[in-house]
Amino acid sequence: MISPLKFHDKTIFVAGGTSGINFGIAENFAANGGNVVVMSRSQDKVDAAVEKLSSHGSKSMGFSADVRDYDAVENAFAETEQALGKIDVLVSGAAGNFPARAADMSPNAFKSVVDIDLLGSYHVLRAAYPHLKKPGASVINISAPQAFVPMQLQSHVCAAKAGVDMLTRTLAMEWGAENIRVNSIVPGPIKDTEGMARLAPTPELIEAAKNSVPLQELGSTDDIGNAAMFLSSPMASYISGVVLPVDGGWSLNGAGIMMDSLVKMMSK
Ligand code: NAP
Ligand code: COA
């Protein structure tokens with residue numbers, strides 16, 4: 001987790017940063033000197049994350065808030081600036097997922113994923129904007145291969161994450177003049193995460209996922225943390241508006257194959 005990139009005296013805010021990939025990102029920044037703030041719904045998860053992040057020696061804070069609640073999100077950013085100053089790095093990764101056919105899920109099921117992933121991302125970026133360091137902030141949306149690989153059982157996620165990547169591109173244009181860079185990271189299948197547990201719920205499906213990655217292995221949360229640190233470092237100072245797969249080549253083809261295996265399993 002130790003990187004040549006350092007984030008001492010930098011403030012990093014990770015929306016949805018209390019578990020899985022987003023917590024991995026938070027921990028990578030904390031291990032490399034950053035003061036890290038996390039926000040998610042569960043107060044217990046927030047407390048546990050803050051405790052672990054603090055063990056790296058820098059400052060850490062957390063907020064219990066639902067990204068669908070704009071006022072709560074706005075309040076978290078205002079309190080963050082008061083305590084830790086302007087935000088150098090914003091990661092927006094709160095999301096929800098479950099496998100379901102479009103014709104089988106309720107309108108509210110579709111809406112809940114769009115509200116968390118897409119509207120929630122807009123809430124996070126919009127509320128953070130006055131608190132971002134100008135010039136110099138790095139904004140990273142956590143997308144998914146569903147944004148550009150159509151997958152059965154994922155109409156809600158495909159629609160929402162495609163929207164997230166268009167937010168990345170449009171805000172990279174609107175905020176570029178203030179030297180705020182906006183990029184998406186597209187994680188591949190990342191081991192030991194809730195997302196994988198939901199889409200590859202059996203050892204056979206995990207093996208199939210692994211075999212469908214050109215590099216023939218699942219990714220780790222450190223793989224995504226490393227990419228987030230790179231994109232937020234001076235080494236990436238001319239990179240903006242990019243949708244970056246960090247997936248061992250999975251989204252070239254394998255992401256669709258994995259979902260075909262789940263469709264077969266669910267049809268039995
Ligand atoms: P996860 O552990 O469930 O992470 C989701 C995080 O978002 C949690 O901290 C959760 O905490 C928070 N969250 C969920 N709904 C929220 C809401 N309404 N308001 C605020 N926070 C909320 O899942 P993960 O698999 O690591 O996924 C993390 C990100 O990576 C997601 O954006 C996902 O789309 C993306 N991704 C994952 C994979 C994968 O292989 N796992 C692949 C591609 C993309 P609370 O429950 O406390 O709210
Ligand atoms: N299949 C079909 N519909 C489902 C479903 C499933 N597996 N799980 C939930 N839904 C439906 C519910 O029935 C409800 O619709 P209804 O009101 O018409 O009955 C709707 O989705 C909202 O569910 P609810 O549990 O009230 O929403 P929530 O806001 O508490 O939770 C979820 C949001 C559903 C996305 C939940 O799975 C969640 O919190 N996920 C976060 C963690 C996660 O998904 N991590 C993976 C990586 S993104």
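Modeller: In this predicted model, an N or O atom in the side chain of Arg68 is 2.9 Å from an oxygen atom of ligand 2. Asn108 places a polar side-chain atom 2.9 Å from an oxygen atom of ligand 2, and for the side chain of Arg198 the distance from an N or O atom to an oxygen atom of ligand 2 is 2.8 Å. On its own, ligand 2 has 930 Å² of accessible area, of which the protein covers 56%. Arg68, Asn108 and Arg198 are among the closest of the 15 residues that surround ligand 2, as are Asn97 and Ser106. By class, this shell is made up of five nonpolar, six polar and four charged residues. Helix H4 (107-128) and helix H6 (194-199) each supply at least two residues of the shell, and H4 gives the most, with four residues.

Helix H6 also gives two or more residues to the shell around ligand 1, as does helix H1 (20-31). Ligand 1 is surrounded by 31 residues, and the closest are Ser19, Ile21, Ser40, Arg41 and Thr193. A polar side-chain atom of Arg41 lies 2.8 Å from an oxygen atom of ligand 1, while an N or O atom in the side chain of Lys45 is 3.2 Å from an oxygen atom of ligand 1. The space taken by ligand 1 is the largest pocket, and the shell around ligand 1 has 13 nonpolar, twelve polar and six charged residues.

Definitions and conventions
Residues numbered from 1 in each chain as written. Chains lettered and ligands numbered in written order. Predicted model: local features only at pLDDT ≥ 70, side-chain atom pairs only at ≥ 80, totals over all residues. Heavy atoms only, no water. Near = heavy atom within 4 Å. Polar contact = N/O pair within 3.5 Å; in protein donor to acceptor, adjacent residues only side chain to side chain. Areas by Shrake-Rupley, 256 points an atom, 1.4 Å probe, with all protein chains shown as cover. Nonpolar A, V, L, I, M, F, W, Y, C, P; charged D, E, K, R; others polar. 1 Å grid on protein atoms, 1.4 Å probe; cavity = no way out; pocket = protein on both sides within 12 Å on 5 of 7 lines; lining within 4 Å. Sits in = over half its atoms within 2 Å of the grid points.
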